Amino acid sequence: MPVTVLLVDDEQLVRAGLHAILSAQPDIEVVGEAADGAAVLPLVRELRPDVVAMDVRMPLLDGIEATRAVLRSVPSPPKILVVTTFENDEYVYEALRAGADGFLLKRARPAEIVHAVRLVAAGDSLLFPAAVRSLAAAHGNARARATVERAALTAREEEVLRLMARGLSNAEIAGRLVVGTETVKTHVSAVLGKLGARDRTQAVIAAYESGFVAPR
């Protein structure tokens, strides 16, 4: 089955460009478009896309609130890929904190756009570039530090979290640690559970905000 995508951007030219790039792939299908975040929730409920490629800055409802609405209201919600012009945008960071699964610049090359959609659809790695890592580290806080300390991660779980924070997939982590993919999945689940994180994004944000992982 192809990866189904909903495109959300207030610029028609951006939507048209993304549509052309993604529709050219045999394993990706664009199932809908929206010009504002206010239309996202009803379209997600109707179309059930695997991925929502969503701008963060829109006139009526921005991508941050649209992300929150989807994750709060939709069982088994789609993956959300933030699409933006500026890589060091605080809006992007807030969208990731709200639960978005990845980050993509509008000026990215076609191959990078396709890769990003496939990556977030797979759900086992993050698009968390250096600029966003730096933003996360700049938001360091005592609450995040206390969360990581209280989690009492094992040495292996700490290792897995560091590799997650670098954007490695489960398969890549397995290769690095010379263990099976199922073993990595078990460690990832344990890390999320101990941190009280909803998903990989939230765990990685906690890792950077707490100072457990430093941006580089």
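Leaving aside its neighbours within four places in sequence, His187 is in contact (heavy atoms within 4.5 Å) with Arg156, Glu157 and Val160. The structure is a predicted model, in which local features need pLDDT of at least 70 and side-chain atom pairs count only at pLDDT 80 or more, while totals for chains, interfaces and linings use all residues. Residues are numbered from 1 along each chain as its sequence is written, and side-chain values use heavy atoms, with hydrogens and water left out. Helices (H or I, at least four residues) and strands (E, at least two) are DSSP runs, numbered from the N terminus.

- His187 has its place in helix α10.
- With a relative accessible area of 18%, His187 is buried; buried means under 20% relative accessible area, exposed over 50%, and partly exposed in between (1.4 Å probe, protein chains only).
- His187 and Glu159 are 28 residues apart along the chain, and their C-alpha atoms are separated by 9.7 Å.
- The axes of helix α8 (residues 155-165) and helix α10 (residues 181-195) come within 9 Å and cross at roughly 95°; axes are lines fitted to C-alpha atoms, for helices over the stretch in contact, and angles run from 0 to 180 degrees between N-to-C directions.
- The two helices, α8 and α10, are therefore roughly perpendicular to each other, where angles under 35 degrees count as roughly parallel, over 145 as roughly antiparallel, 65 to 115 as roughly perpendicular and the rest as oblique.
- From α8, Arg156, Glu157, Val160, Leu161 and Met164 meet His187, Val188, Ala190, Val191, Leu192, Lys194 and Leu195 in α10.
- By class, the residues of the contact of α8 with α10 divide into 8 nonpolar, 1 polar and 3 charged; Ala, Val, Leu, Ile, Met, Phe, Trp, Tyr, Cys and Pro count as nonpolar, Asp, Glu, Lys and Arg as charged, and the others, Gly among them, as polar.

**The contact of α9 with α10**

- The axes of α9 and α10 come within 8 Å, with a crossing angle of roughly 110°.
- This pair, α9 and α10, is therefore also described as roughly perpendicular.
- Asn170, Ala171, Ile173 and Ala174 in α9 meet Thr181, Val184, Lys185 and Val188 in α10.
- The contact of α9 with α10 has 5 nonpolar, 2 polar and 1 charged residues.
- Val178 is found in the loop between α9 (170-177) and α10.
- Although Val178 is not a glycine, it has a positive phi of about 55°, and at 72% relative accessibility Val178 counts as exposed.

**The contact of α4 with α11**

- The axes of helix α4 (residues 90-98) and α11 come within 8 Å and cross at roughly 120°.
- That angle makes α4 oblique to α11.
- Tyr93, Leu96, Arg97 and Ala98 of α4 make the contact with Thr201, Gln202, Ile205 and Glu209 of α11.
- The residues of the contact of α4 with α11 comprise 4 nonpolar, 2 polar and 2 charged.
- Within α4, the buried residues are Val92, Tyr93, Ala95, Leu96 and Ala98.
- Gly99, whose phi is positive, near 125°, follows α4.

**The largest pocket**

- About 340 Å³ of space lies in the largest pocket. On a 1 Å grid over the protein atoms alone, a cavity is a set of points where a 1.4 Å probe fits but cannot get out, and a pocket is an open set with protein on both sides within 12 Å along at least five of seven lines; lining residues have an atom within 4 Å of a point.
- Grid points are joined across faces, edges and corners, and a volume is the space filled by probe spheres set on the points.
- The lining of the largest pocket consists of Arg97, Asn141, Arg143, Ala144, Thr147, Leu195, Gly196, Ala197, Gln202, Ile205, Ala206 and Glu209.
- At least two lining residues are supplied by each of α7 (142-151) and α11 (200-209), and α11 provides the largest share, 4 residues.
- By class, the lining residues divide into 5 nonpolar, 4 polar and 3 charged.
- Ile205 is found in helix α11 and, at 4% relative accessibility, counts as buried.
- Ile205 and Ala144 are 61 residues apart in sequence and 8.8 Å apart in space, C-alpha to C-alpha.

**Other local features**

- Arg48 lies in the loop between α2 (40-47) and β3 (51-55).
- Arg48 has a positive phi of about 50° although it is not a glycine, and Arg48 is partly exposed, with a relative accessible area of 40%.
- Thr84 is found in strand β4 (residues 79-84) and counts as buried at 2% relative accessibility.
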